[in-house]
Amino acid sequence: MYKAKVTISLRKSILDPQGKAIEHSLKSLGFDSIVDTRMGKSIELKIDAKDEEEAKRITDEACQKLLANPVMEDYEFEISKTENITK
Amino acid sequence: MNAKVGVVVFPGSNCDHDAYYVFNDILKADTKFLWHKDSGIGDRNIVILPGGFSYGDYLRGGSIARFSNIMKEVVRFANNGGIVVGICNGFQILCEAGLLPGVLIRNANLQFICSTVSLNVVNNHSIFTKYYNPGEEINIPIAHGEGNFLCSRETLDEMNANDQVLFTYNDNPNGSLADIAGIQNKSKNVMGMMPHPERASDAILGNTDGRRLLQSIAESVM
């Protein structure tokens, strides 16, 4: 069993209004050293795959088909081994 | 051939009855609801994807609805030249399905905007806008949190070259690229727009600027 942690973010070229709002709030709290804030999504998948390569392939396909929209979003993911789950 | 309008109902659609009412009761078109689990569109020759929050707008607006059962048939119908119109959430679904270019992202000011806005009719060389004059100003309500249209520069150039931009905002409320409010596809049988023409079609509501749009859609198959 594998776990995929998928991180989806707005493409760098796209203005991220949520990130900007968070950044303004951080600045008002005195976090002057934080110079950029981007807001994204995190999705965890548990995958019943025979090896890590297969888990990667499945995750990548899921990202391309549904989880991310390539017009506005980039995605990256990490795969790790996890214990079997009963459900 | 008479218009046979099918209004698709997804879980979370909330403008489906408004669309049904205008086509059926005001324009006197043969209108039926289609359920998202249906495997086909039956005898319908016009498909409307209404506004709302299909599947709770989870993941991204329209991204789950795009894979619902009926959409396979709607995509096939559109690719064969069938008339498909998406309003608000329906526009988001059409973009997610790849039937229209671009995507709708969060409004630039992060707010859900519910207001009547002024639109410019960019061109009337379409089966959707033929009853308007180019450059005509019309007022249509909007109600969305994710109506900020975005596409690549190349896609925008291509859309402009093909007369695909139908409506622009006169006072851009949501940050949309090039003030875009409504577009059609390259083959000009699929249209999407964020504003709600079905909310501006009954005289009792004080504004009928949207009625000519829906009327020309209903007459597009005659």
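**Briefing: a predicted model of chains A and B**

Chain A has an average pLDDT of 93, and 97% of its residues score at least 70; pLDDT is the predictor's confidence in each residue, from 0 to 100. For chain B the mean pLDDT is 96, with 99% of the residues at 70 or more. The predictor assigns the complex an ipTM of 0.81 and a pTM of 0.93. This is a predicted model, in which local features need pLDDT of at least 70, side-chain atom pairs count only at pLDDT 80 or more, and totals for chains, interfaces and linings use all residues. Residues are numbered from 1 along each chain as its sequence is written, while chains are lettered from A and ligands numbered from 1 in the order in which they are written.

**Chain A**

- Chain A contains 2 helices and 3 strands, where helices (H or I, at least four residues) and strands (E, at least two) are DSSP runs, numbered from the N terminus.
- From the N terminus on, the order of these elements is β-α-β-α-β.
- The radius of gyration of chain A is 16 Å, well over the 12 Å that the globule rule gives for 87 residues, so chain A is more spread out than a compact globule. The radius is taken over C-alpha atoms, and the globule rule is 2.2 Å times the number of residues to the power 0.38.
- Along the principal axes, the C-alpha atoms of chain A fill a box of roughly 50 × 30 × 20 Å.
- Of the 87 residues in chain A, 16% are buried. A residue is buried if 20 or more other C-beta atoms lie within 10 Å of its own, exposed if 12 or fewer, and partly exposed in between, with C-beta atoms placed from the backbone.
- Among the elements of chain A, mean pLDDT is lowest in helix α1 (residues 17–28), at 92, and highest in helix α2 (residues 52–67), at 97.
- The 12 residues of α1(A) reach 17 Å from the first C-alpha to the last, close to the 16 Å expected at 1.5 Å a residue; the expected span is 1.5 Å times one less than the number of residues.
- Just after α1(A), A:Gly30 has a positive phi of about 100°.

**Chain B**

- Chain B has 5 helices and 11 strands.
- Its radius of gyration is 16 Å, close to the 17 Å that the globule rule gives for 222 residues, so chain B is as compact as a globular protein of that length.
- The C-alpha atoms of chain B fill a box of roughly 40 × 35 × 35 Å along the principal axes.
- Buried residues account for 52% of the 222 residues in chain B.
- Of the contacts in chain B between residues at least 6 apart in sequence, 74% join residues at least 24 apart. Two residues are in contact if their C-beta atoms, placed from the backbone, lie within 7 Å.

**Cores and interface**

- The largest nonpolar core has 71 residues, of which B:Val8, B:Val47, B:Ile48, B:Val84 and B:Leu94 touch the most other members. Such a core is a set of buried Ala, Val, Leu, Ile, Met, Phe, Trp, Tyr and Cys residues joined through C-beta atoms within 7 Å.
- Helix α2 (residues 69–79) of chain B gives the most to this core, with 5 residues.
- Another core, of 10 residues, lies apart from it and includes A:Tyr2, A:Val6, A:Ile8 and A:Ile79.
- Between the chains, 11 residues of chain B are in contact with 8 residues of chain A.

**Individual residues in chain B**

- B:Phe23 lies in helix α1 (residues 16–26) of chain B and is buried, with 26 other C-beta atoms within 10 Å.
- Not counting residues up to four places away in sequence, B:Phe23 touches B:Val5, B:Ala29, B:Thr31, B:Leu214 and B:Ala218.
- B:Lys28, in the loop between α1 and β2 of chain B, has a positive phi near 60°. B:Lys28 is exposed because it has 10 other C-beta atoms within 10 Å.
- B:Asp163, in the loop between α4 (153–161) and β9 (165–169) of chain B, also has a positive phi, near 60°. With 15 C-beta neighbours inside 10 Å, B:Asp163 is partly exposed.
- Most residues other than glycine have a negative phi.
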